[in-house]
Amino acid sequence: MSQPAHKLRDGALQVTIWRNPGEKGNWYSVIPSRGYKKGDAWKQTESLGSDDLLAMSKLLSQAHTWIVDAKRADAKSRKESAQAAA
């Protein structure tokens with residue numbers, strides 16, 4: 001299994017960012033989740049409570065910023081690779 005490109009966390013809340021290669025370059029997907037303990041085991045759910053919404057919105061905003069920066073870096077790398085090949 002591949003590794004996530006990046007993870008952002010605030011307490012039990014987490015946003016996992018995945019980099020996916022495509023014909024036109026990388027594209028990114030995001031999975032928001034909340035951790036909770038059931039017995040002795042930690043579990044993950046995508047279900048959020050109303051108290052989680054503001055914190056998750058801030059994590060998603062940070063994820064957006066990270067993805068925008070990653071796309072810029074991807075474009076710069078593609079441009080440099082094309083110039084080196086020419």
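What follows is a short chat about the contacts in this structure.

Q: What should I know before reading the values?
A: This is a predicted model, where local features need pLDDT of at least 70, side-chain atom pairs count only at pLDDT 80 or more, and totals for chains, interfaces and linings use all residues. Residues are numbered from 1 along each chain as its sequence is written, and side-chain values use heavy atoms, with hydrogens and water left out.

Q: OK, salt bridges. How many does a search of the whole structure find?
A: Two. A salt bridge here is a side-chain nitrogen of Lys or Arg within 4 Å of a carboxyl oxygen of Asp or Glu.

Q: Which residue does Arg34 pair with?
A: Asp52, with the closest N and O atoms 3.3 Å apart. The two sit in distant parts of the chain, 18 residues apart: Arg34 is in strand 3, and Asp52 is in the loop between strand 4 and helix 1. Helices (H or I, at least four residues) and strands (E, at least two) are DSSP runs, numbered from the N terminus.

Q: Is Asp52 buried or exposed?
A: Asp52 is buried, at 16% relative accessibility. Arg34 is partly exposed, at 22%. The cut-offs: buried is under 20% relative accessible area, exposed is over 50%, and partly exposed is in between (1.4 Å probe, protein chains only).

Q: And which side chains meet in the 3.4 Å bridge?
A: Those of Asp69 and Arg72. Both residues lie in helix 1, three residues apart, about one turn of the helix. Asp69 is partly exposed at 42%, while Arg72 is exposed at 57%.

Q: Tell me about helix 1 itself. How many residues does it have?
A: Helix 1 has 33 residues. From first C-alpha to last it reaches 47 Å, close to the 48 Å expected at 1.5 Å a residue. That expected span is 1.5 Å times one less than the number of residues.

Q: Which of its residues are buried in helix 1?
A: Met56, Leu59, Ala63, Ile67, Ala70 and Asp74.

Q: What covers the buried residues of helix 1?
A: The cover includes strand 1 (6-10), strand 2 (13-20) and strand 3.

Q: Switching to aromatics. Which residues form the aromatic pair?
A: Tyr28 and Trp66, edge-to-face, at 6.1 Å centre to centre with 80° between the planes. Tyr28 lies in strand 3 (residues 27-38) and Trp66 in helix 1 (residues 53-85), so the pair ties together parts 38 residues apart in sequence. Rings of Phe, Tyr and Trp (its six-membered ring) pair if their centres lie within 6.5 Å; planes under 30 degrees apart are stacked, over 60 edge-to-face, and the rest tilted.

Q: Is Tyr28 buried or exposed?
A: Tyr28 is buried, at 12% relative accessibility. Trp66 is partly exposed, at 22%.

Q: Last topic: Ser33. Where is it found?
A: Ser33 is in strand 3. At 7% relative accessibility, Ser33 is buried. A polar contact of 2.9 Å joins its side chain to that of Gln44. Such a contact is a pair of N or O atoms within 3.5 Å; within protein, one must be able to donate a hydrogen and the other to accept it, and residues adjacent in sequence count only if both atoms are side-chain atoms.

Q: What else is Ser33 in contact with?
A: Leaving aside neighbours within four places in sequence, its contacts include Ala12, Leu13, Thr45 and Met56. Contact means heavy atoms within 4.5 Å.

Q: And Thr45?
A: Thr45 is found in strand 4 (residues 41-45). A polar atom of the Thr45 side chain lies 3.1 Å from the backbone nitrogen of Ser47.
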